[in-house]
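Subject: Structure handover

Hello,

I am passing on the structure we spoke about. Please have a look at it before reading the notes below.

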Amino acid sequence: MSTTMPAGRHALLTVSVMAATLMQALDSTIANVALPHMQGSLGAASDQISWVLTSYMVAAAIATAPTGYLAARFGMKRLFLAAITGFTITSMLCGVAASLPQMVVFRLLQGLCGASLVPLSQVVLLNINPKEKHGSAMAMWGMGVMLGPILGPTLGGWLTEVYNWRWVFYINVPFGILAFLGLSAGLPADTRTAAPKLDVLGFTLLSLTIATLQLMLDRGETKAWFESTEIVIYAGLTVLLLYLFLAHTVTTPSPFMPLRLFANANFVSGLVMIAVMGVVIFATSALLPPFLQNLRGFPVITTGLAVAPRGAGTMASMLLIGRFGNRIDSRWMMFVGMLLTAQSLYMMAGFNLDVPVSGLVASCVLQGVGMGLVFVPLTTITLATLQTRDRADGASLYSLIRNVGSSIGIAAAFAYQTRMTTVNHAYLTEHVTAYTPALAQYLNAGSGLETALGLAGVAAEVQRQAGMLATIADFKVMTWGVLLATPALLMFRKAKPDPAAPVEHVALD
């Protein structure tokens with residue numbers, strides 16, 4: 001039997017959980033815009049500075065998987081507080097790093113410590129709220145998860161411009177202190193339970209699979225993908241290790257990921273959909289800044305402000321879901337959200353090098369609204385029907401699939417963009433002759449095609465146009481991807497509350 005949680009403690013826990021969620025979510029993108037500044041300060045080569053991102057992503061992806069086991073083994077409160085403490089300390093260490101090796105080591109530790117923050121935040125919010133308020137709770141949680149990556153480049157650009165790149169890590173300190181104090185006071189003490197047995201072989205195989213996949217995705221673009229022996233080796237190892245992990249999982253009596261999770265149709269359907277949304281959310285976030293800075297000519301801060309309306313759209317939709325979500329079938333909300341997301345991508349596929357800011361803002365707001373309408377109901381319907389004991393494992397796997405989807409989406413988007421840039425550049429170059437009327441008009445104000453200045457201008461413009469066409473091609477593919485994934489909503493089943501089921505939220509008085 002459960003009793004009602006005091007309102008003050010509920011508010012304290014909610015604020016603290018959101019601080020932890022936002023802190024970790026921001027760090028997935030906040031350092032991106034600061035990489036050029038880090039490169040000069042740390043004395044790193046252009047292909048080495050990406051290790052700052054790669055090390056964090058690999059460590060976070062691997063450490064997300066055992067969150068359920070660690071929470072059961074050591075207690076949710078202990079794990080949560082340890083993760084926040086470690087993440088805050090390693091953030092400070094990243095800020096004081098004096099060399100690239102130091103930065104890579106500290107980012108690895110930061111990823112390991114922060115991996116469990118998002119799934120644990122999700123579980124705590126589900127556990128402290130009754131079922132009828134799960135939609136509102138997930139709307140609140142979703143704001144942190146989605147707004148962090150969206151607003152990260154804006155905040156990172158501003159901190160780097162006004163202060164220096166080290167502040168993109170120092171900014172985590174106040175969030176970490178707030179979250180630690182709030183959760184220390186609000187979460188109940190952990191109760192002693194039977195310690196589960198860790199499937200060491202399963203965890204090792206899954207970790208190696210994630211590591212080789214992430215290395216393949218991160219290094220593929222610079223190594224010409226499968227033209228490189230290194231990438232072929234990574235791909236072969238990923239397939240082999242994944243096969244070994246799956247074979248071990250279905251044959252061992254106590255697998256690392258409980259097989260009973262996959263008997264829940266909503267959970268399996270949710271994993272498929274979040275992989276698709278992970279591709280769209282993060283691939284779009286990765287494509288827009290280079291387009292605005294390199295092709296449109298926007299400065300860093302302006303670029304961050306230009307994409308910020310997407311976060312405003314997401315927040316607006318999540319606030320509406322939190323207020324009215326319990327009255328509407330989640331599947332219909334997700335259907336509308338998928339259509340709005342596809343429409344926004346279709347609008348982006350109509351961009352050109354002179355796209356007005358109003359057109360950019362409109363498409364970003366529409367996309368933010370659409371993704372919010374998908375993300376919150378998807379999270380709720382995926383996890384709410386799991387038993388309480390399975391939520392930590394389910395949330396960690398859900399976060400893992402979202403991260404893997406985002407990694408694949410970013411790598412695929414840039415690979416396709418690079419390929420289409422080359423193709424379009426070759427096509428446009430064929431039409432660059434002294435007798436092309438459009439080219440003659442372009443050079444009319446200059447000194448002619450024969451001069452070095454004229455040739456350089458034409459070459460730069462051809463490259464810009466080829467890059468624009470490649471970006472358009474990316475958005476077209478994502479538009480079709482969202483539309484083709486929409487029928488997958490039919491796999492979800494409406495959750496029917498069991499009146500005989502016990503109340504599942506945590507008693508804290």
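The notes below go from the whole chain to single residues.

Please keep in mind throughout that this is a predicted model.

Whole chain

The protein chain has 509 residues, and 52% of them count as buried. Its secondary structure consists of 19 helices and 0 strands. Among the contacts in the protein chain with a separation of 6 or more, 83% are between residues 24 or more positions apart. The accessible surface is about 22600 Å², and carbon and sulfur atoms account for 68% of that area.

Nonpolar cores

The largest nonpolar core holds 98 residues; Phe80 and Leu288 are the members that touch the most others in it. Helix H13 (residues 265–295) supplies the largest share of this core, with 15 residues. With neighbours within four places in sequence set aside, Phe80 is in contact with Val17, Ala20, Leu117, Leu120, Ser121, Val124, Leu183 and Leu187. Another core, of 19 residues, lies apart from the largest one, and its members include Ala31, Val52, Val104 and Phe169.

Aromatic rings

How many aromatic pairs does a search of the whole structure find? The search gives 6. One of them joins Phe262 and Phe267 in an edge-to-face arrangement, with 6.2 Å between the centres and 65° between the planes. Phe267 has a relative accessible area of 0% and is therefore buried, whereas Phe262, at 37%, counts as partly exposed.

Trp332 and Phe335 also form an edge-to-face pair, at 5.9 Å centre to centre and with 90° between the planes. These two residues both belong to helix H15 (residues 330–348), and because they are 3 residues apart there, about one helical turn separates Trp332 from Phe335. Is Trp332 buried or exposed? Trp332 is exposed, since its relative accessible area is 58% and the cut-off for exposed is over 50%. Phe335 has a relative accessible area of 31%, so this residue is partly exposed.

Elsewhere, Tyr163, Trp167 and Tyr170 are linked into a cluster through ring pairs. A charged residue also meets a ring: Arg73 lies over the face of Phe74, 5.0 Å from the ring centre.

Two single residues

Ser317 belongs to helix H14, which covers residues 300–324. The relative accessible area of Ser317 is 3%, so Ser317 is buried, as the cut-off for buried is under 20%. Which residues is Ser317 in contact with, leaving aside its neighbours within four places in sequence? They are Gly368, Val369, Gly372 and Leu373. For Val369 there is a further detail: its backbone oxygen is 3.5 Å from a polar atom of the Ser317 side chain.

Tyr243 sits in helix H12, which covers residues 229–251. With a relative accessible area of 55%, Tyr243 is exposed. Thr209 is 34 residues away from Tyr243 along the chain, and the C-alpha atoms of the two are 9.4 Å apart.

Regards

Note on methods: Residues are numbered from 1 along each chain as its sequence is written. This is a predicted model: local features need pLDDT of at least 70, side-chain atom pairs count only at pLDDT 80 or more; totals for chains, interfaces and linings use all residues. Side-chain values use heavy atoms; hydrogens and water are left out. Helices (H or I, at least four residues) and strands (E, at least two) are DSSP runs, numbered from the N terminus. Buried means under 20% relative accessible area, exposed over 50%, partly exposed in between (1.4 Å probe, protein chains only). A polar contact is a pair of N or O atoms within 3.5 Å; within protein, one must be able to donate a hydrogen and the other to accept it, and residues adjacent in sequence count only if both atoms are side-chain atoms. Contact means heavy atoms within 4.5 Å. Rings of Phe, Tyr and Trp (its six-membered ring) pair if their centres lie within 6.5 Å; planes under 30 degrees apart count as stacked, over 60 as edge-to-face and the rest as tilted. A charge sits over a ring if NZ of Lys or CZ of Arg is within 6 Å of the ring centre and within 35 degrees of the ring normal. A nonpolar core is a set of buried Ala, Val, Leu, Ile, Met, Phe, Trp, Tyr and Cys residues joined through side-chain atoms within 4.5 Å. Accessible areas come from the Shrake-Rupley method with a 1.4 Å probe; for residues, only the protein chains shown count as cover.
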